[in-house]
Amino acid sequence: MIGLAPRRERKRSTWTSASATAPPATARVLMYAGLIALSILFLAPVVWTMLSSFKTRTELAARPPTLLPESFALDNYTEALSRFDFGVYLTNSTIVTVSATVLTLAINTMAAYALAKYNFRGRNVLFLVTLGTIMIPLQIILIPLHQVVADTGMTNSLLGMIIPPAATPTGVFLLRQYMLTIPDDLIEAARIDGAGELRIFLRLILPLCRPALAVVTIFSVIWRWNDFLWPLVIAQSQSLYTLPVALAQFNSEEVVPFNYILAMSVVSMIPVIIVFLFTQRHIVKGISQTGLK
Amino acid sequence: MTRRRQVRPWNQRIAPYLFILPNMLIFGVFIVYPAINGFYVSGFDSSNGRTFTPVGAANYGKLFGDEEFWSAARASLIFVVAFVLISTAAAIGLALLLTQPIRARGFFRAVFFLPVLLSPVVVGLLWSWILERRSGALNSVLGLDIGWLVDGPTALGVTVFVGVWMHVGFYTLIIMAGLQGIDGSYHEAARIDGAGAWQRFKHVTWPLLRPTTLVVVILSMIAGFQAFDFIYTLTGGGPLGATTLMVQYVYEHAFRSPIQYGLAAAGSVVLFCTIFALTMLNFLYGRRRESM
């Protein structure tokens, strides 16, 4: 449960701890059958999309639809990039994702450190504010938030997509829970050795938080890269579209042929899948260690 | 937390405030202030988002008299209830399966997590292609002729299904973390006492998993009320508003002409209060059960 009590112990039990012995044979067969059927449900749409992105327009129009493309030609990809501004949208998405993630990591770790390792007046109130804002997703405050952003002159700019969603309560919460597991004595020892507060944070705490930082990085990248509603509200001119905004707009207006939208959808999937494959170990470990339970 | 009050040097007293400042600044300006201001804005009428005339509670009267609002509220309610129940149950089931000693466990875990990575916009596109009546893969594979997205009740059902498909991997991960926290000796003891698999689940896993389940219920509830982006590309809110949920209602009144900023703000306030009340109820219920 999300609570105020610190969680100091770190368990290293195995993932199989829920059941230690193998179930009987028939149950096993059923289990595998179920798992495989479900896997198809989860994989097939993605695989079908990827395969279809190589098809020509005539193949895409075929009834019934074909599974495999006749040839794996990259035409859809190269043409979508050259004939439409998808390169611009890709660049916008990258700029927003990278800078928002860096900003999120910097301010979230600092806040989490203050909440986890200092006793100061107002700490509990600020922590409650942090937890409370989990309940206030951007969708809910869309209009007043849009007003604030308009007042600060950040509408129709990439900055307007980067800064407002940067302070994520979930990130602060995860990092704080993780930092609670770092012994206070370590910090005291560093102070006795004459290290300053900022130095302790940068040189001692940050390296120790690597698993939690990995989790927050991954989620920030996924959220920002895939974000739709906020960039949609902020981007008034087409040159500021991010990939999801461009895909949705072009799909609803049908100004861009279907095969290009398909190819660009696949392009938008690839980066997060790669990030995930490299970091999936950290996700599972990080979530179980950061006390999200 | 009880800690001995010490006199600390000034830099240690100042440091926490400096560390927390940037985050709180952004929280304050872009979350807390707008959240409060939302109530204020809902008392005004504005067609351009610049000049505001005070109208008191008129926006709420207009909102509650708007048939489209009630349609969106009803659709949201059906969506959220179905989404929360199915996601939570599916996540528990999947997590139990994925913590068994099975082959290729890493592969299966990755597969179920895959949709979590995808852009909701792409998820919506992807399923709209698959479910398209004449050219879609599903109807041609099964030899059916069902208009999945053109019939109101079916479309809302499909929307729930796609929502679950997209989110369940994340909730499964949280439940797996919760399962990991359950001490194996409880199951051992139950097994020695002759408890079968179902009894072990009912009397050991389920009660000990309650706090984790509560987290998943709250997270999925908030996600359910937030749902918009994948619906925008899946059904566009149609047919005839059958899948237009609250967020889309608010978005359309705020940013599509005729712009009715105040009315949209009132919708946001209602949405906010609903989420707040339901989350609090969940917390209280969870607390009560834990202290019993």
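This is a predicted model: local features need pLDDT of at least 70, side-chain atom pairs count only at pLDDT 80 or more; totals for chains, interfaces and linings use all residues.
Start with the overall layout. Chain B holds twelve helices and two strands. Read from the N terminus, the elements go α-β-β-α-α-α-α-α-α-α-α-α-α-α. Along its principal axes, the C-alpha trace of chain B spans about 75 × 70 × 35 Å.

Chain B also meets a partner, chain A. Here 108 residues of chain B touch 106 residues of chain A. Between them the two chains bury about 9800 Å², and 74% of that area sits on carbon and sulfur atoms. As for salt bridges across this interface, the rule finds zero.

Now for the helix pair. Two packed helices can be summed up by the angle between their axes and the distance between those axes. In chain B, helix α3 (residues 67-98) and helix α9 (residues 197-226) have axes that come within 9 Å and cross at roughly 140°. Angles over 145 degrees would count as roughly antiparallel, so α3(B) and α9(B) are oblique to each other. Their crossing is right-handed.

Which residues make the contact? On the α3(B) side they are Phe79(B), Val80(B), Phe83(B), Val84(B), Thr88(B), Ile92(B) and Leu96(B). From α9(B) come Phe201(B), Thr205(B), Trp206(B), Thr213(B), Val216(B), Val217(B), Ser220(B), Met221(B), Ala223(B), Gly224(B) and Phe225(B). Sorted by type, the residues of this α3(B)–α9(B) contact come out as 13 nonpolar and five polar, with no charged ones.

Conventions
Residues are numbered from 1 along each chain as its sequence is written. Chains are lettered from A and ligands numbered from 1 in the order in which they are written. Side-chain values use heavy atoms; hydrogens and water are left out. Axes are lines fitted to C-alpha atoms, for helices over the stretch in contact, and angles run from 0 to 180 degrees between N-to-C directions. Helices (H or I, at least four residues) and strands (E, at least two) are DSSP runs, numbered from the N terminus. Angles under 35 degrees count as roughly parallel, over 145 as roughly antiparallel, 65 to 115 as roughly perpendicular and the rest as oblique. A crossing is left-handed if the near helix is turned anticlockwise from the far one by less than a right angle, and right-handed if clockwise. Contact means heavy atoms within 4.5 Å. Ala, Val, Leu, Ile, Met, Phe, Trp, Tyr, Cys and Pro count as nonpolar, Asp, Glu, Lys and Arg as charged, and the others, Gly among them, as polar. Buried area is the accessible area (1.4 Å probe) that two parts lose on being put together, summed over both. A salt bridge is a side-chain nitrogen of Lys or Arg within 4 Å of a carboxyl oxygen of Asp or Glu.
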